[in-house]
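Here are my notes for anyone opening this one for the first time. Have a look at the fold, then read the points in order.

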Amino acid sequence: MNKYLIDTNIFIESAYRFYAFDICPGFWDFLDKCSQLDSIKSINKVYDEITSDNTNLQDFKEKLKNRGFFLPIGSITPSSYTKISQTLQTMQYTQQAVTDFSSGADYFLVALAYQESYTIVTHEAKSSNNAKNTIKIPNVCERLEINCIDIAEFLRREQARFILEHTTQQKS
């Protein structure tokens, strides 16, 4: 069975772009159902990063929190943190990039994925080898052999289907 950790940007970008609550409520219904599974989670640092004036997103975030969807980071072992930190140092990023990455949810998401064999679901794309000022989750995951996929792949793997119920356009 696949286990997934959902990145912050899945919630925020989805709410404001392709899966906005008023355009694709089925996406949010699907995530709501997923939140009841032990195999699809996120972490409390992601919860903290979901800041928005979008009332629907804030309400959804609270609903997930009440279900225990956001895992505490206290279960991440020191050896997992050490492995991530050592890996970042070998990837030749600037010290500022490492500091920025280590202070956000991404670091903890990668550490838990490494420790518990989760696949990370993110909108982030891998950056080129010469990008040294910003660390992207897919780059770190590749180095650590952690599975990392985008939302479309996640929806395919989990066989999500969003069916149009009705339209205001009439066929001619």
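1. A word on terms before we start: two residues are in contact when they have heavy atoms within 4.5 Å of each other. Keep in mind too that this is a predicted model.

2. Let's begin with Leu 155, which sits in helix 9, residues 151-157. Which residues does Leu 155 touch, once neighbours within four places in sequence are set aside? They are Tyr 19, Phe 27, Phe 30, Ala 160 and Phe 162. Is Leu 155 buried or exposed? Its relative accessible area is 7%, and buried means under 20%, so Leu 155 counts as buried. For a sense of distance, its C-alpha atom is 22 Å from that of Gly 68, a residue 87 places away along the chain.

3. Now the inside of the protein. The largest nonpolar core holds 56 residues, and the members touching the most others are Phe 11, Phe 27, Trp 28, Val 110 and Phe 154. Helix 7, residues 105-116, makes the largest contribution to this core, with 8 residues. As background, nonpolar side chains in soluble globular proteins tend to be buried together.

4. Not counting residues up to four places away, Phe 11 touches Ile 6, Trp 28, Leu 31, Val 46, Ile 50, Leu 57, Phe 60, Leu 64 and Phe 69.

5. Stepping back, the protein has 9 helices and 5 strands, in the order β-α-α-β-α-α-β-α-α-α-β-α-β-α along the sequence. Its radius of gyration is 17 Å, close to the 16 Å that the globule rule gives for 172 residues, so the protein is as compact as a globular protein of that length. The C-alpha trace spans about 60 × 35 × 35 Å along its principal axes.

6. A few overall figures to finish. Of the 172 residues, 45% are buried. Among contacts between residues at least 6 apart in sequence, 76% link residues at least 24 apart. The exposed surface comes to about 9800 Å², with 47% supplied by carbon and sulfur atoms. On the charge side, there are 18 positive and 21 negative side chains, and the centres of the two sets are 4 Å apart.

Technical notes
Residues are numbered from 1 along each chain as its sequence is written. This is a predicted model: local features need pLDDT of at least 70, side-chain atom pairs count only at pLDDT 80 or more; totals for chains, interfaces and linings use all residues. Side-chain values use heavy atoms; hydrogens and water are left out. A nonpolar core is a set of buried Ala, Val, Leu, Ile, Met, Phe, Trp, Tyr and Cys residues joined through side-chain atoms within 4.5 Å. Buried means under 20% relative accessible area, exposed over 50%, partly exposed in between (1.4 Å probe, protein chains only). Helices (H or I, at least four residues) and strands (E, at least two) are DSSP runs, numbered from the N terminus. The radius of gyration is taken over C-alpha atoms; the globule rule is 2.2 Å times the number of residues to the power 0.38. Accessible areas come from the Shrake-Rupley method with a 1.4 Å probe; for residues, only the protein chains shown count as cover. Lys and Arg count as positive and Asp and Glu as negative; His and the chain ends are not counted. The place of a charge is taken as NZ of Lys, CZ of Arg, CG of Asp or CD of Glu.
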